[in-house]
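My entries follow in the order in which I looked.

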Amino acid sequence: MTLTLRVWRQKDPSVKGGIVTYELADISPDMSFLEMLDVLNEQLILGGDDPVAFDHDCREGICGMCGVMINGQAHGPEQTTTCQLHMRSFKDGDTITIEPWRASAFPVIKDLAVDRRAFDRIIQAGGYISAPTGTAPEAHSVPVPKKDADAAFDAATCIGCGACVAACPNASSMLFTAAKVTHLGLMPQGQPERDDRVVNMVAQQDREGFGGCTNIGECSASCPKGISMETISRLNHDLLGALRAGVRPKS
Amino acid sequence: MATVTQAGQGRTPKAAKTTSVFKKAVMAVSGIIMLLYLVAHMIGNLKVFTGRENFNHYSEWIRTIGEPAVPAQTVLTIIRIVLLVAVVAHFWAAVSLWRQARRARPERYVVKKAVAQTYAARTMRWGGVIVLLFIIYHLLDLTVGAINPDGDGTPYDRLVASFSNPFITAFYVLALLLLGMHLRHGIWSATQTLGLSNRRRERTANAAAIAFSTLLIAGFLLVPFSVLFGLVD
Amino acid sequence: MPLDLFNVGDPIADTKAPMDVPIAERWSSRRFRARLVNPANRRKMTVIVVGTGLAGGSAAATLGEAGYKVKSFWYQDSPRRAHSVAAQGGINAAKNYRNDGDSVHRLFYDTVKGGDFRSRENNVHRLAEVSTNIIDQCVAQGVPFAREYGGLLDNRSFGGAQVSRTFYARGQTGQQLLYGAYQALERQIAAGNVEQHARTEMLDLIVVDGRARGIVARDLVTGEISTHFADAVVLATGGYGNVFYLSTNAKGSNTTAIWRAHKRGAYFANPCYTQIHPTCIPVSGDYQSKLTLMSESLRNDGRVWVPKERGDTRDPREIPEDERDYYLERIYPSFGNLVPRDIASRQAKNVCDEGRGVGPNGLGVYLDFADAIQRLGLSAVEAKYGNLFDMYNRITGENAYETPMRIYPAVHYTMGGLWVDYDLQSTIPGMFVIGEANFSDHGANRLGASALMQGLADGYFVLPNTINDYLADGPFEKVDESHPAAAEALQGVQDQVQKLLSINGTRTPASFHRELGKLMWDLCGMERSEESLRKALDRIPEIRQEFWSNVKVSGDWSSFNPTLEHAGRVADFIELAELMCIDALHRAESCGGHFRAESQTPEGEALRDDENFAYVAAWEWTPESAPPVLHREALEYEYVHLAQRSYK
Ligand SMILES: Cc1cc2nc3c(=O)[nH]c(=O)nc-3n(C[C@H](O)[C@H](O)[C@H](O)COP(=O)(O)OP(=O)(O)OC[C@H]3O[C@@H](n4cnc5c(N)ncnc54)[C@H](O)[C@@H]3O)c2cc1C
Ligand code: HEM
Ligand code: HEM
Ligand code: SF4
Ligand code: F3S
Ligand code: FES
């Protein structure tokens with residue numbers, strides 16, 4: 001295949017970026033999208049140019065490190081991660097526009113790589129169960145209904161890739177936060193901290209500069225793990241309940 | 001499940017009041033209040049078909065409910081205040097979330113495609129603003145009468161006068177369609193915001209939102225079209 | 001065997017395990033005898049933990065809770081992305097919830113045997129003991145393990161084990177366990193007990209007066225190279241399977257941290273022990289950057305075959321039954337398609353070497369579900385394996401319900417790693433090594449679902465106890481960047497970065513990596529021989545030579561530069577590859593994942609040589625040009641008796 005790539009190039013956060021166009025020949029439809037970028041980069045390096053920086057690690061759809069906007073869609077046209085997208089989803093002669101996730105809470109590091117540590121800070125605000133090592137009771141002492149365990153698992157599969165933020169017209173991180181609130185809120189172990197968790201995590205996501213959620217649904221439709229909108233409803237439910245109960249965010 | 005950890009705290013610190021979810025809840029509640037009013041309003045409007053006397057009498061009636069126990073217009077004033085507060089709160093929350101969203105993505109995508117977003121969801125903001133402009137126009141038109149072709153007439157006469165003009169009717173129709181879309185997304189959205197939705201209910205909530213807003217708007221539309229086509233004069 | 005490639009040094013031994021009590025009491029005895037550090041003193045002591053996988057994440061969180069000041073380093077943006085996240089199958093624990101005869105002793109026994117008698121009994125027994133605490137800990141953290149309708153935890157049997165002791169969270173066990181550790185770590189970061197260094201790569205170890213006292217690291221975003229100091233250093237940087245270029249490891253997985261520590265004096269044990277996983281998606285072209293694992297469970301219902309004739313390129317569906325060779329069923333009538341990983345892998349290689357491999361480049365065998373679909377029905381197969389078939393379809397574009405899957409073995413895990421004693425301390429005092437980065441518990445072969453167990457055992461339960469004994473001597477005298485050892489290490493790293501950028505040759509780091517990987521796969525892969533290893537040892541120095549004179553790294557050092565990172569890692573892989581080949585060559589026996597063509601039974605099975613090789617090979621680095629020095633740690637088996645494996 002022969003392709004025209006329009007790639008966002010930005011040397012570092014302090015300078016303005018722009019689209020640069022590259023022509024690429026001999027692309028195999030069996031290549032993954034990142035392997036196609038590898039080919040581009042090998043050419044750039046040998047030509048003495050700076051290769052296109054992009055994030056990736058596992059290349060099997062589980063670490064959540066990869067992720068770029070491809071023709072205006074987070075992770076591209078299939079509902080999967082960028083590393084699991086293959087060139088057979090494109091046609092010979094296509095023009096592909098590649099941009100980084102755009103959100104002020106995800107500043108660009110270079111080219112297509114962004115800084116997603118805001119997600120870690122949301123987890124720090126309460127996305128855990130306080131269970132210091134060695135304090136745990138016997139695992140079978142608290143049974144968990146299979147239905148709840150399965151639903152918690154579904155929410156827990158979020159890989160923290162940030163596609164939800166990238167796709168959301170409000171740049172809201174609601175689906176990410178909701179996935180964690182739902183996962184822990186469904187487990188009996190998660191109950192004691194449930195109210196504080198949701199209040200603090202939502203306060204943190206606002207502090208990070210993400211947008212608010214207005215239930216648009218782009219996030220869930222772009223999420224490679226199919227995290228459902230139900231998680232957002234659960235978060236809202238928990239949050240309003242917690243606020244009514246008088247729980248307030250820690251400053 | 002409430003924890004007691006921080007329940008003792010008295011006042012709501014600023015952060016809680018301004019969380020994005022809190023704002024959304026304000027929108028949902030104020031939206032629902034406006035919605036309830038619209039249901040009543042729509043049914044009231046249908047009185048047009050019972051004739052001028054009845055309609056004018058109805059208009060008279062709202063202004064005198066409760067008399068003489070309470071002074072004239074008490075109930076109407078309460079309704080007006082509630083509505084005004086709802087509109088202001090709704091608008092404040094909408095604008096502040098809108099601004100938050102703009103701050104959250106200062107740099108736009110060169111190419112952006114919508115995957116799931118419905119047209120209704122996409123037009124919430126500008127649609128809402130147009131509805132607001134419509135409401136102002138509408139009040140000047142039918143309540144105050146300031147810009148009504150028959151400004152000094154009875155409510156019935158003003159109404160007929162307005163809708164006899166195809167341009168005014170067209171504007172009403174446009175606004176109502178936008179309002180319909182606003183509500184179609186808004187009703188579903190409110191169930192989500194208030195945490196009442198789940199995967200099972202999602203489809204039902206969506207279907208109900210569509211059915212409800214269609215009925216409501218259809219009910220409203222009957223009046224101008226009937227006037228336009230001479231069924232009511 | 002006389003060899004010109006290394007020298008033999010003094011034997012080495014683990015002195016920390018209390019041998020005066022029976023094996024079942026050794027861990028509690030060691031914990032009791034290890035000195036404690038009083039809580040007030042812990043605040044004054046800093047521990048550097050490099051890596052945030054199951055091992056490093058759990059260790060950093062636990063040490064933070066314990067009151068130490070912890071500095072945590074990782075190369076990705078978030079600790080949640082460590083490659084532990086990719087583990088699919090599950091985690092073993094001797095809970096015996098199934099009442100099927102499991103026990104700590106049986107898990108211990110199976111693991112020693114599974115390791116083909118090349119691991120330490122003491123370590124393995126401790127691992128089995130601690131395994132049950134791990135499950136308790138993870139459940140308390142909210143890890144959503146699979147459950148039964150009664151609400152209790154579900155178990156499955158895995159990797160040919162006769163008992164059901166594997167706990168799992170659908171096909172994403174590693175992810176869920178890692179998130180548990182990650183969240184615990186984030187909690188400690190929020191509490192101010194752990195200082196975080198994201199996107200920071202360790203590039204050297206700082207040793208002061210014989211003790212590990214810090215690291216040199218590069219901030220991958222700003223390019224800044226700086227020194228960090230502590231009272232102890234813990235390495236948890238994972239495996240080095242990427243020396244083969246193509247593996248199931250993440251692209252960033254590297255040997256750099258442990259290799260540079262090795263060059264500072266830590267012995268490297270059993271580098272040649274690598275595990276090859278039989279069911280991976282085959283390579284589709286030269287551009288291939290990574291191999292993807294398909295769960296081993298597929299072999300429960302799929303039948304493995306190749307055409308009887310070599311070079312048969314017909315559509316598999318058109319090859320009649322009597323022209324197919326179901327070779328595993330033919331060679332191993334009783335185990336059939338379920339033989340252990342190493343055997344299944346080697347036989348696949350054999351048929352492909354015979355020219356009977358399938359797929360575009362002849363490196364693949366069929367895994368056929370046609371019979372299973374006929375027997376169980378399409379919907380039953382879909383219910384059981386649907387997600388795997390989908391994944392296969394996404395990667396290859398083929399529909400495995402209609403045409404057989406193609407699979408091929410791939411490098412998956414490295415049993416070798418830095419040598420550690422029972423306390424998990426390396427030969428450099430103050431440097432501890434945990435998780436896949438050490439060599440400790442799996443001998444010559446790792447059983448399925450045991451790596452996750454080891455990572456968490458090390459991080460949650462073993463290291464936090466044993467490190468106290470070392471730190472009881474602390475806090476150590478303060479050192480900072482002005483110390484000559486620190487300045488020298490910093491300078492060394494800066495020089496290397498400058499060197500890589502200045503060569504400005506004609507080949508990319510990736511092209512060297514690909515060449516090295518192919519060489520290692522062909523000559524030091526599933527099957528090794530004296531001849532192949534000698535060939536590799538001739539060629540590797542040439543690759544190294546060319547690398548250092550012809551690599552091209554564009555960009556600069558002072559910004560985000562993935563090419564520069566890669567170049568540094570490739571440089572270390574080249575050196576490691578040489579040691580792996582030397583180790584493989586010196587070990588003239590076959591055991592576990594190490595198959596020497598010269599040492600096999602008449603039926604072609606791995607033949608151990610317990611008389612000469614029942615030891616751990618711990619290698620000492622010697623500066624430039626001098627060959628490495630071999631230190632042997634003799635292995636003794638008190639509780640599990642040496643026996644030959646047989647799967648006929
Ligand atoms: C595809 C796959 C499936 C698997 N399935 C299973 C299974 O089902 N059951 C099982 O028991 N085992 C399984 N394993 C093996 C198991 O997952 C690993 O052995 C284990 O997770 C390793 O954990 P770790 O903590 O030692 O290292 P890792 O999780 O690899 O973590 C390494 C850490 O070190 C950091 N790091 C590395 N180098 C540097 C450096 N130079 N500087 C700074 N930081 C650095 C990284 O950022 C990362 O945080 C599987 C492995 C793979 C690849
Ligand atoms: C075709 C549709 C509509 C018709 C025919 C209609 C008709 C009227 C009439 C006749 C009045 C004056 C009543 C009186 O003064 O006694 C009125 C008032 C009002 N209408 Fe409508 N209306 C329509 C749609 C709407 C819509 C869509 C909205 C809001 C979104 C709306 C909001 C109001 C409000 C707020 C008042 C003022 C009530 C008050 O405080 O007195 N109307 N309408
Ligand atoms: C004043 C002008 C208005 C503006 C600017 C406006 C804007 C908005 C916006 C931006 C939303 C959120 C969109 C979303 O959740 O996806 C919203 C929601 C909503 N609006 Fe309006 N709107 C206006 C008037 C109205 C009116 C007149 C009604 C009802 C009669 C109404 C009913 C609702 C409802 C029910 C919701 C759902 C609340 C929720 O999302 O939780 N709005 N509006
Ligand atoms: S919710 Fe989905 S899109 Fe968002 S971070 Fe998690 S996996 Fe990615
Ligand atoms: S797209 Fe955005 S508005 Fe909410 S539902 Fe998803 S976060
Ligand atoms: S690289 Fe790990 S999810 Fe894509």
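**Interface of chains B and A.** I began with the contacts (heavy atoms within 4.5 Å) and found 51 residues of chain B touching 57 residues of chain A. This is a predicted model, in which local features need pLDDT of at least 70 and side-chain atom pairs count only at pLDDT 80 or more, whereas totals for chains, interfaces and linings use all residues. Residues are numbered from 1 along each chain as its sequence is written, chains are lettered from A and ligands numbered from 1 in the order in which they are written, and side-chain values use heavy atoms, with hydrogens and water left out.

Chain B and chain A bury about 4,300 Å² between them, and 52% of that lies on carbon and sulfur atoms; buried area is the accessible area (1.4 Å probe) that two parts lose on being put together, summed over both. On the side of chain B that touches chain A, the elements giving two or more residues are α1 (14–17), α2 (20–45), α4 (74–104), α8 (166–193) and α9 (199–228) of chain B; helices (H or I, at least four residues) and strands (E, at least two) are DSSP runs, numbered from the N terminus. The most comes from α8(B), with six residues.

I then searched this interface for salt bridges (a side-chain nitrogen of Lys or Arg within 4 Å of a carboxyl oxygen of Asp or Glu) and noted that the rule finds zero between chain B and chain A.

**Salt bridges elsewhere.** How many salt bridges does a search of the whole structure find over all chains? I noted 72, and looked at three of them in turn.

In chain A, the side chains of A:Asp50 and A:Lys110 meet at 2.8 Å, N to O. This pair links distant parts of the chain, 60 residues apart: A:Asp50 sits in the loop between α1 (33–46) and β3 (69–70) of chain A, and A:Lys110 in strand β6 (residues 108–110) of chain A. For accessibility I used relative accessible area (buried under 20%, exposed over 50%, partly exposed in between; 1.4 Å probe, protein chains only): A:Asp50 is partly exposed at 22%, while A:Lys110 is buried at 3%.

In chain C, the closest N and O atoms of C:Lys16 and C:Asp421 are 2.6 Å apart in their salt bridge. The two residues are 405 residues apart, C:Lys16 in the loop between β1 and α1 (23–33) of chain C and C:Asp421 in the loop between β17 and β18 (431–433) of chain C. C:Lys16 is partly exposed, at 21%, whereas C:Asp421 counts as buried, at 6%.

C:Asp136 lies in helix α5 (residues 121–140) of chain C and C:Lys95 in the loop between β4 (91–92) and α4 (104–114) of chain C, 41 residues apart. Here C:Asp136 counts as buried at 11%, as does C:Lys95 at 13%.

**A sheet in chain C.** Finally I traced an open sheet of five strands in chain C, ordered β1-β20-β19-β11-β17 with mixed pairing; two strands pair if DSSP finds at least two bridges between them. β1 (7–8) and β17 (417–418) of chain C stand at the edges with a single partner strand each, so one side of each is left without a neighbour in the sheet.
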